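Take a look at the model below.

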Amino acid sequence: KNQQALDAAALCGGPPRCRITTRSTTTANARSDVRWVQAGVGSAAPRLLKREQRASPARQDAAGACRAAEEDGGTTTSGRERYSKYFRVVPNARNNRSLWGVALMQLFWTASTLMYVSVLPVYMKQELGLSNTKIGVLEGAAIASAFFSKVVSGVISDAVGSRTAVIFVGAMLTLACKPMFAASSYVKATFGAGLCFYWIFAGKIADRLSKGIRAAPTDALLADLSPGNARSRAFSLIQSLATFGGVLGSLTTAALLYLGASYQTVFLLAAVPSFLAIGMLFTVVKQPELSDDAPAGQEAQGAAAKEKKKPGLREVLRNASTLPWQFFFASVIVSTLYLARFSESFVVLRAKSLGWSTAMLPLLLTGNQVLQGVFTYPMGVLADN
């Protein structure tokens, strides 16, 4: 039906030379038959009529739809074609769909994280009685585990040749750790505050490990999905939606606390976006493959690449040493900037000590998230240009 609509639009009032693609209905793998038609309406009408008489039934139906639209004073156009340009980040349609799927996954994951991060420090301080020192140790260990797991997961995804498999492992770990926070009050009541600290510690480490496991394969998948001239735009789209996911998560937590929901309810509901992200991974995101329109030489190269043995762990590590000096220079810059980073937990605790209500604490991070979300994608477009 979509192809008929495109044919109708082309026969009615397409560009001076309109490319019409029809696929054989007798075999699923038949190559496209490409014809070029002078599509001017009016002077070309007799020529189109002759063309229609020897066209296939599908083409005749399309031409009939075209004439019916002209009689009604309008033209038949595809709504998908009309609006797709606003959502096209990369040229390949399948890769573009997967790219948006990854962006929505990041939105759900960030929403899930911000739902509990914005209140977890106060929960540990007031409900569990943990000191600022213990909270600092927990946050430092969590951040360190996230950075370490990024290195390991990136190498593993290269070695096994599957980005989505490694991402799935991190996604399942993200989903599993949210109920651990909800069960912490039961652990404290049953086994005491000492064991409860280690329970929260394990849950926090698991959450940050899951983020690190997902991060490097996701970045590699984005690079696979986007060509070089659109890579900054693709990365900034993902970052923008991830940031707005943080806004969504913090606003949801603020609304729940304002309505009187407990900490345990917030922690349990934080698992819902993580579950949606896993569904998106299975239904929308696909690892890139060579398109059907690829040249014959490129298809041959793709077949040879598939037959080639996947690189082992030793080969991946050896290839890492051949990275250009600019990569290591950029790594030094990023590492230097991260020296100025400190956990948001201390900002939340400071705001609470100054009299902020618990329901208002999630909004503390919203302004930061909004500014990041607004500026990230335009900066990526600027970098591509």
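Which residues in H10 meet which residues in H11? Asp 219, Leu 222 and Ala 223 in H10 meet Arg 231, Phe 235 and Ile 238 in H11. Contact here means heavy atoms within 4.5 Å. The residues of this contact divide into 4 nonpolar, no polar and 2 charged. Ala, Val, Leu, Ile, Met, Phe, Trp, Tyr, Cys and Pro count as nonpolar, Asp, Glu, Lys and Arg as charged, and the others, Gly among them, as polar.

This is a predicted model, where local features need pLDDT of at least 70, side-chain atom pairs count only at pLDDT 80 or more, and totals for chains, interfaces and linings use all residues. Residues are numbered from 1 along each chain as its sequence is written, and side-chain values use heavy atoms, with hydrogens and water left out.

Two packed helices are described by the angle between their axes and the distance between the axes.

| Helix pair | Axes come within | Crossing angle |
|---|---|---|
| H10 (residues 193-225) and H11 (residues 231-258) | 9 Å | roughly 140° |
| H11 and H18 (residues 366-384) | 8 Å | roughly 170° |

Angles under 35 degrees count as roughly parallel, over 145 as roughly antiparallel, 65 to 115 as roughly perpendicular and the rest as oblique. H10 and H11 are therefore oblique. H11 and H18 are therefore roughly antiparallel. The contact of H11 with H18 has 9 nonpolar, 13 polar and 3 charged residues.

Now the cysteines. Cys 177 is buried (under 20% relative accessible area), at 1%. Cys 196 is also buried, at 1%. The model has 0 disulfides, counted as pairs of cysteine sulfur atoms within 2.5 Å.

Definitions and conventions:
Buried means under 20% relative accessible area, exposed over 50%, partly exposed in between (1.4 Å probe, protein chains only). Axes are lines fitted to C-alpha atoms, for helices over the stretch in contact, and angles run from 0 to 180 degrees between N-to-C directions. Helices (H or I, at least four residues) and strands (E, at least two) are DSSP runs, numbered from the N terminus.
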